Structures are given as C-alpha cells and as structure tokens.
Amino acid sequence: MKKAINILSTIIIIFLVLSLISNIIISINEKTILKIISFRNLFLIGLIFSVIYKSKFTYLLLLILSIFFWYNYFFSNDLNSFHSNAIIYFSANLFEVLKFYINNIFLKKIILIIPFISFLLITFLIIPARAKYFFNSAK
C-alpha cells in the first residue's frame, strides 16, 4: 500500500510541476513577470511542497489546501469557465501550452480534469496515509 501511495504521489507531483511550468511559460509569453508570483503559482508551489515533504506542518498545509480546493469546487458558481477559477482549473495553462502541438478536444478534457483527480487521490489516499503515519508515530 505504501508503494502504491508513493507512485501516486510521484504522478501527482509530475502533473503539478507540469502545471507550474506551463503557468510560468504563459506568464513569460505574455510579458507579465509579476504573474509568476500569482496566487495560482503560489498555490501550486505550496501543494508541491506539501506533497513532497512529510512533516506535521506539511500535513496540515496539505489538509488546508485540500479543504480549500473542495470548498471552491462545490461552492463555486463558475465551474464552466475554466479561466475564471485558478484553484479548480490550475491545469488550464497546461492545455494552452500544448494546444499548439495537439489540437484534440479529448486531450483538453483530460488536462482540465487533472486537478479533480489529483485532489481526489490526495484527499482519500495521501492524507489518511499520512495521518495514520503521524498518529502512530506519536505513541
């Protein structure tokens, strides 16, 4: 089970890093250097940091980011417009970078569902596994 969680964590980290790189590429192409430190990128950096490092602080950060994502996902009025919500669709710029190479609507739907699947795995696999680890090590 621990090996499967490590593999899923690696896959999630790869998607998060690709999303962060695509956000930086879009910011550089638009010549808006201040967008590099935008909320979307800070959210992704915090998420990558909390998935990679295993401590009680990063566990708490991961739990807060997960709650924040699910709150935005369930209570947002703009789920159809993927450019309007930077938390729910943080992979939108990944599609913007790749659409010059691959013009496929199926690929767009896969890329836009990456955040949902990532947080689903984080919420139901990674957070409980870390909670078990930290609560068992506290004894």
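Mentor: Let us begin with Ser22, which lies in helix 1, residues 2-29. The model is predicted, so local features need pLDDT of at least 70, side-chain atom pairs count only at pLDDT 80 or more, and totals for chains, interfaces and linings use all residues. Residues are numbered from 1 along each chain as its sequence is written, and side-chain values use heavy atoms, with hydrogens and water left out.

Trainee: What makes a run of residues a helix?

Mentor: Helices are DSSP runs of H or I with at least four residues, strands are runs of E with at least two, and both are numbered from the N terminus. By that rule the protein has 5 helices and 0 strands, in the order α-α-α-α-α from the N terminus.

Trainee: Why is Ser22 called buried?

Mentor: Its relative accessible area is 1%. Buried means under 20%, exposed over 50%, and partly exposed in between, with a 1.4 Å probe and protein chains only. Since 1% is under 20%, Ser22 counts as buried.

Trainee: Which other residues of helix 1 can be judged in this way?

Mentor: Asn23 and Ser27 are also in helix 1. Asn23 has 2% relative accessibility and is therefore buried; Ser27, at 4%, is buried as well. Phe15, also in helix 1, stands at 31% and is therefore partly exposed.

Trainee: How do you know that the side chain of Ser22 makes a polar contact with Ser19?

Mentor: The side chain of Ser22 reaches the backbone oxygen of Ser19 at 2.8 Å. A polar contact is a pair of N or O atoms within 3.5 Å; within protein, one must be able to donate a hydrogen and the other to accept it, and residues adjacent in sequence count only if both atoms are side-chain atoms. The distance of 2.8 Å is within 3.5 Å, so the pair meets the distance limit.

Trainee: With which residues is Ser22 in contact, leaving aside its neighbours within four places in sequence?

Mentor: They are Asn93, Leu94 and Val97, where contact means heavy atoms within 4.5 Å.

Trainee: How far apart are Ser27 and Asn93?

Mentor: Ser27 and Asn93 are 66 residues apart in sequence and 9.7 Å apart in space, C-alpha to C-alpha.

Trainee: What share of the residues in the protein is buried?

Mentor: Buried residues make up 39% of the 139 residues.
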